[in-house]
Amino acid sequence: MDRGRKWLFAWCLISAAALPAWSADEPAASPEQPAVEGPSEGAIPGLQPGDDVLEPFEPRDAAAPDAEARRAARAWYMTGKVHEARSDNNDELELALNAYRHAVELDPTSLKTYESLIPALYAHDEKDEARRFALQAAQRTERGLRLTRGLAAVMARGDSVADAVGMLREAVALPNFDPASISGLLVHRDLGMYLHLAEQPGEAAKSYQLVFDALLTEREPPLTDAERTELLGDAGATYDELGKTFLEAKLPDLAVKAFDEAAKFRTGRPGIHSFNLALVFRDTGKVDESLAELEKYFDAQLQSKGRDAYQLLKDLLAGVGRSEELVPKLETLHAADPRNAFLAYFLADEYVARGDVDRGQELYEQTLDASTDPRGLVGLMPVYRKQQKPKELLDILGKIYPQIPEERSPEDLQKLAPDARAVVMRYEEEFSALAKDSAALDGLMQVGREQTAASPPEIDLAEAYMLGKLAIAAERTDDAVNFYKLTMTMLNQPMLSVYRELGEYLIDQKKYGDAADVFREASEHPAFEQARWILLYFMTYPLEFDGKTEEALKAIAEARGSQPDNPQLHFQQAWIYYHAERWDEAEPLLKEIIDEYKGEAENESIVRNSQFSLSNLYVQKGDVEHGEQVLQDVLKEAPDNSQANNDLGYLWADRNKNLEEARGMIEKALKAEPENPAYLDSMGWVLYRLGQFAEARTHLDQAVALPTGQDSTIFEHLGDVLDKLDLKTEAVTAWRKAEELERAKAKPDDEVLQRLTAKLPAEAQSGDESAATP
């Protein structure tokens, strides 16, 4: 049905639902009315002479209010369907959502409305509201729990396993939730699965045990066959999942029972049951029994457990001091099962790990044959690196690139199958090792340059990109720029991520002019016309860092003109003024952002950043009281905010007031972020003020040992503490380092330099008086 006809059909339904069948104002037909060929004026079509006259229906009792509400709800529901059917733009979708909201408000028991509203809200990124309505549906009817489970599944398939867990826990806490019903058991089954995915096996086991007990124990009423089938799905796989979770939760007896149940559904594959029992025996310290069961799995020549089976063998032998038996055993298994790629790659890995690189290479290449299996390709990375074969190494790097997912956050990795996850993690290890191997990189970059210069060029797109990424990891800036630029020229369709990676790297290297050029080039590319505002936003960073404030302001003004309601761009404009120390222009913008977006959950981080910036702005202007007040306002809203606790605690310590309270606040911040050098510095400084110099030194030593702890203020505080401990030489070294770091800033602080000069003995001073002037 085309869109127009669907709209017309829906409109007919709306009309039928909204209008009464007859109107009391219509003229009634007379029994004496003569028969005519067609309906005459005032006649009712289809009425024949002699028929009883139809009188308007007058119900004895007025319609109940809830019936009227349900009729109105159906009309709003159909209105929503109409708008959703033609939702080519956000306006139509918003109209659909509003109609569905009206329908739910009028009739909160209609499951059909929830079924339309919840996915529409989630697709429109109104996720909190979708969750709220899903729980409302679950509270109204047991069938509503299915909607809650469905939304949880969507969350879990995305990046929100924690959200799925949270919502199902709320469902379990509903007053009408019945854990013994089939709907309740399905919720606990799903909750157990998501908790297991979230690496909380103990909590997962609690939900799974309710399901397991319901499946195996007598209960009233008993589960029907259909309910049992729905609960189990693939029974063997489900019982396996229960068994693994029980095992991880240190419940071996339950694990054995679950694995025994799984075996009943896999009578033709007893080897899997043997593997599961081997896991149980391992966790209960029965190594010989575990090895015996593992041998049964190997005898069945199964591959369903992938590398896990051979890793288990390795771990068991290592645990009893018999590691020398591993390779011979793997060789025996490989000879009996040569087509088992999991086994072949595991054996090749062991050859390489034990220094037998040539045998490892032979087995990798033999198993790979002409395939691009990432297990073999990643395995060859250390082989070719150690053998100094840059051409072969570049070839496999190009083949690896399409095989490894770009997004590799812990959440993304968790979604991968165990063997795939192991390959990705090993690739990251080998990539890091390669980036640190100067000799191997020299060879790779030289081969890349030679292949680029060949006529025609012999390098392909994936190889050029991988060389660029390696150059960035190794901080080889010239090679990074050359190979990224080559990648850009080879792309049929430009990729914004390629420009962003190079631009951000150049910012990190303080190549601000070059970084701005990269983002400017991208912003002027026709392919990025719709994303120009994003690239202008990126460009403001290197421009401002390079002291080109007016250019940065011009860029952000154009970006805001394109996206006037974007809060991030609003904040960026304020940040440019703030970074340029144009306090009087930054202040009203920061206040405007706080006032406009305060209370909006999606913009909380922007509001917080604005508040922290405003607080520091006041301090820089000498108005410390107002700076403290802003932080106190944050703590009223969020008492556990670590940055607000640290910043206010530090200000109090710096002013030598409220020291015990300041110490408690900084302790709270450190508990949240124990390796934050700014927080460690704050603790060191408040302890200094309290006269606890030895303890202060401990925190400051930790701060300067961190990569992000190379800050002039931290080293000055360390020098002050060492001086109090009568460690004069060490104090001078710390102050000298503080002076060096301060002079290296784009805008050194004269007051800080003068203070440090006064602390340093004459022979330790730099003598560079000009450096004190920004």
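Modeller: Before turning to this predicted model, one definition is needed: rings of Phe, Tyr and Trp, the last taken by its six-membered ring, pair if their centres lie within 6.5 Å.

Biologist: How many residues apart in the chain are Tyr-239 and Phe-265?

Modeller: The structure holds 23 aromatic pairs, and one of them joins Tyr-239 to Phe-265 in a stacked arrangement, with 6.0 Å from centre to centre and 25° between the planes. Tyr-239 belongs to helix α11 (residues 235–248), whereas Phe-265 sits in the loop between α12 (252–264) and α13 (270–283), so that the pair links distant parts of the chain, 26 residues apart.

Biologist: What kind of pair do the rings of Tyr-578 and Trp-583 form, stacked or edge-to-face?

Modeller: Tyr-578 and Trp-583 are each buried. Their ring centres lie 5.5 Å apart and their planes stand at 75°; because planes over 60 degrees apart fall in that class, the pair is edge-to-face.

Biologist: How many residues in sequence separate the parts tied together by Glu-170 and Arg-131?

Modeller: Glu-170 forms a salt bridge with Arg-131, in which the closest N and O atoms are 3.0 Å apart. Glu-170 is in helix α7 (residues 161–172) and Arg-131 in helix α5 (residues 127–140), so the parts that the pair ties together are separated in sequence by 39 residues.

Biologist: Where in the structure does Lys-657 lie, given its salt bridge with Glu-628?

Modeller: The side chains of Lys-657 and Glu-628 meet at 3.1 Å, N to O. The pair ties together parts that are 29 residues apart in sequence, because Glu-628 lies in helix α33 (residues 624–637) and Lys-657 in the loop between α34 (642–654) and α35 (659–672).

Biologist: Is Glu-628 buried or exposed?

Modeller: Lys-657 has a relative accessible area of 28% and is partly exposed. Glu-628, with a relative accessible area of 5%, is buried.

Biologist: Which helix holds the salt bridge of Arg-608 and Glu-604?

Modeller: The side chains of Arg-608 and Glu-604 meet in a salt bridge at 4.0 Å, N to O. Arg-608 counts as buried at 10% relative accessibility, whereas Glu-604 is partly exposed at 43%. The two residues are 4 apart, about one helical turn, in helix α32.

Biologist: Over the ring of which residue does the charged end of Arg-132 sit?

Modeller: Arg-375 lies over the face of Phe-342, at 4.6 Å from the ring centre. The charged end of Arg-132 is 4.6 Å from the centre of the ring it sits over, and that ring belongs to Phe-133.

Methods:
Residues numbered from 1 in each chain as written. Predicted model: local features only at pLDDT ≥ 70, side-chain atom pairs only at ≥ 80, totals over all residues. Heavy atoms only, no water. Buried < 20%, exposed > 50% of the residue type's maximum accessible area, 1.4 Å probe, protein only. Phe/Tyr/Trp six-rings, centres within 6.5 Å; stacked < 30°, edge-to-face > 60°. Lys NZ or Arg CZ within 6 Å of the ring centre and 35° of its normal.
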